[in-house]
Amino acid sequence: MSTFMANAATVKPKWYVIDATDVPVGRLAVQVANLVRGKHKPDYTFHADTGDFVIVVNVEKIKFTGNKWEQKEYQTFSHYAGGQKIIPAKEMLARKPEEILRLAVKRMIPKGPLGYKQLGKVKIYAGPKHDHQAQQPIEYKPAI
């Protein structure tokens, strides 16, 4: 008897759609990262891409707990002199609301070729519409 190890050939990925209205960013990011990595499946294999595709809609209505809208900042650095940019969370929501959730999920997925491939399975939209009706996504209610 041998141990079963899932691989890309044996896994059929599903598509899930999640509504992010009034859901805290961190709690939603954990759910999305687990779905994308495949940790919700009994045949989860850490070194293979066994995860599902996740569509997140209404990200513009996402929320932070506490006083994070005023205190939290996002930082980028271009590695040139004077290339550091610090953007407050409230301004990031106005400019690119999708980026708030994408960065949170990105930091919960391992770095490397497999993690980058898994991050590509996350489709994030600011409004209620998405372009993936043909995949017949299943409504997923995050346990929050």
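Trainee: Is Q136 buried or exposed?

Mentor: Keep in mind that this is a predicted model, where local features need pLDDT of at least 70 and side-chain atom pairs count only at pLDDT 80 or more, while totals for chains, interfaces and linings use all residues. Residues are numbered from 1 along each chain as its sequence is written, and side-chain values use heavy atoms, with hydrogens and water left out. Buried means under 20% relative accessible area, exposed over 50%, and partly exposed in between (1.4 Å probe, protein chains only). Q136 has a relative accessible area of 65%, so the word for Q136 is exposed.

Trainee: Which loop holds Q136?

Mentor: Helices (H or I, at least four residues) and strands (E, at least two) are DSSP runs, numbered from the N terminus. G127 is found between β5 and β6 (138-139). Q136 also has its place in the loop between β5 and β6.

Trainee: What is phi of N58?

Mentor: Most residues other than glycine have a negative phi. N58 sits in the loop between β2 and α2 (68-71), and at 8% relative accessibility it counts as buried. N58 isn't a glycine, yet its phi is positive, at about 60°.

Trainee: Which residues does G127 touch, leaving out those up to four places away in sequence?

Mentor: Contact here means heavy atoms within 4.5 Å. With those sequence neighbours not counted, G127 touches V57, N58 and E60.

Trainee: What is the order of strands in the open sheet?

Mentor: Two strands pair if DSSP finds at least two bridges between them. β1 and β2 run parallel, joined by five bridges, and D19 stands opposite V57 in β2. The open sheet has four strands with parallel pairing, in the order β5-β2-β1-β6.

Trainee: Which strands stand at the edges?

Mentor: Look for strands with a single partner, since one side of each is then left without a neighbour in the sheet. Those edge strands are β5 and β6.

Trainee: At about what angle does α1 run to β2?

Mentor: Axes are lines fitted to C-alpha atoms, for helices over the stretch in contact, and angles run from 0 to 180 degrees between N-to-C directions. α1 lies across β1, β2 and β5, and its angle to β2 is about 155°.
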